[in-house]
Amino acid sequence: MINSSLKQLGAMLQSKQVSSTELTQEFLQRIDQHNPEINAYITIDAERSLAQAKAADARIAAGTAQPLTGIPIAQKDIFVANGWKTTCGSKMLDNFIGPYDATVIKLFDEAGAVNLGKTNMDEFAMGSSNETSYYGKVQNPWDRTRVPGGSSGGSAAAVAARLCAAATGTDTGGSIRQPASLCGLSGLKPTYGLVSRYGMIAFASSLDQAGPMAKSCEDMALMMNVMTGFDERDSTSLQRDKEDYERELGKPLQGLRVGLPKEFFADGLSSEVAAVVESAIAEYRKLGAEIVEISLPNTQLSIPVYYVLAPAEASSNLSRFDGVRYGHRAAEYDDLLDMYCKSRAEGFGAEVKRRILIGTYVLSAGYYDAYYLKAQQIRRLIAEDFAKAFTQCDVIMGPTAPGTAFRSGEKANDPVAMYLEDLYTIAVNLAGLPGMSIPAGFASVDGKQLPVGLQVIGNYFDEARMLNVGHAYQQVTDWHSRMPEGL
Amino acid sequence: MSLSSSDVKRIAHLARIEVSDEEAEATLQKLSGILGLIEQMQAVDTTGIVPMSHSQDVVQRLRPDVVTETDQRAAFQAIAPAVENGLYLVPKVIE
């Protein structure tokens, strides 16, 4: 049951083979058993989850169920949820109980999904290994000595270890795709503006976007049908008609033009990842795809541009944490200014402080043009690279991350090495395009079989086609349904 | 450009984060590494390129000027560090 697709679970619930209460209890029991080690969840509230399951069972009995009604999913702890502790992985919000629902939470509630709990994450979504969380590191279910990736590392580990049927994540520079790659699951960052950011704790507002993390592309299509849509409470939400993300599933890939950016296969890519990605591309050839070489010449610049823009936006967004209205307040202080400085010094971890300082610096008087404006100009060059590439191909493919999961602690003291994890994902956020990672196989590293992700980048609003591109591959391979041992 | 430990303390003050001298010294090294990475941008000629602040060319929406929010003061203040009579308490700022 734990390895079933969302559709299969839905059918079992409809036919009363299993109730939502039983399904929820099964996952809660697995969480009890495995979470003390894996640490994928920060907060579990069995009573709340079971109350939702009971309501879902009533809805199924009444014949008003929707596709996700009764299915237990996990929510990244970046989404404010009414009555749930919502920490964003930070000591700053250790005492924060959500006083309202984020739109994403509300939409899943309305669809009848059961919220199993809030998943661990890098503090304020700043990290690629889940090691910056105040709530401790998360184990990669494929090798417990390794990181699950980040920042949505808890959601990734929870799906990989089958501690939920699916999960939500957010992606500012790769935070859905990189952990999906490192944990062997499917993860999609939609076009910027498709999923509401209301109640999603802000990191870099012009880049942040929520999306699904699941076992398969079909599962992700079902989740996209629930979580997307215009929201007047988000000023950058796009006014578009609701789409059916399942509509393309099953179409043949004959004639699909797949662009391979030569910059994604250059220095920095590990040979074992390259080999797996190349075999996945060979599979696409068999499925009828036509391979085209393309160029994204400004790929290397996406990292410096991101590390100006994201910290700049973060330094502004995180100024709200001042110890006045909510969050951590220092116990001892001399005056108001000292209260701000001490509360923030105590509440934020080292990586968050570094990014606030970088952001403050690049926005400070005299430096704005040299850093912030310059980065915004190069951002346009990066977006134009993609626009040009999409005149030659329908989707772009390449590695999601330069390597497989690394060992805990390996990059923790070297921010620049950690930042390079997102070399192939960041440009997608800068351009606002949809990007997805799907399991493409395993690489043998130090005697362990570690998952490798294939990244698929689409043009704006092309998620339905991308999901079919992934789905077609998942019909002829079984990487996505493999499970780590011992779980 | 290179930063000094006193620059770090100045920036930290602007960001309202207290740092000790030792922390400033340790932070300096890491910030210098990050700024070195950022410096790669300076090699690019960006003359005449319009800055891109957002991926979608959309204009700010307007809405009717009517009250849409309900009173949730009690719920919001229930999680505040210090409140009194519906007000948030902070240290005295006017002598």
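**Entry 1: helix H2 of chain B**

I began with H2(B), whose buried residues pack against H9, H11, H12 and H13 of chain A together with helix H1 (5-14) of chain B. For contact I required that the C-beta atoms of two residues, placed from the backbone, lie within 7 Å, and helices (H or I, at least four residues) and strands (E, at least two) were taken as DSSP runs numbered from the N terminus. This is a predicted model, in which local features need pLDDT of at least 70 and side-chain atom pairs count only at pLDDT 80 or more, while totals for chains, interfaces and linings use all residues. Residues are numbered from 1 along each chain as its sequence is written, and chains are lettered from A and ligands numbered from 1 in the order in which they are written.

I listed the buried residues of H2(B) as Ala24(B), Thr27(B), Leu31(B), Ile34(B) and Ile38(B); buried means that 20 or more other C-beta atoms lie within 10 Å of the residue's own, exposed that 12 or fewer do, and partly exposed anything in between. Ala26(B), also found in H2(B) (residues 21-38), is partly exposed because 15 other C-beta atoms lie within 10 Å.

I then checked the geometry of H2(B): its 18 residues reach 25 Å from first C-alpha to last, close to the 26 Å expected at 1.5 Å a residue, the expectation being 1.5 Å times one less than the number of residues. A kink of about 25 degrees is centred on Leu28(B), the bend being the angle between axes fitted to the seven residues ending at a residue and the seven starting there.

**Entry 2: the side of chain A that touches chain B**

I found 55 residues of chain A in contact with 40 residues of chain B. On chain A, H9 (302-317), H10 (336-347), H11 (350-363), H12 (369-389) and H13 (415-419) each supply at least two residues of that side, and the largest share, 11 residues, comes from H12(A).

**Entry 3: the sheet of chain A**

I traced an open sheet of 11 strands with mixed pairing, in the order S1-S3-S2-S4-S6-S5-S10-S11-S9-S7-S8 (chain A), where two strands pair if DSSP finds at least two bridges between them. Strands S1 (41-43) and S8 (290-294) of chain A stand at the edges with a single partner strand each, so one side of each has no neighbour in the sheet.
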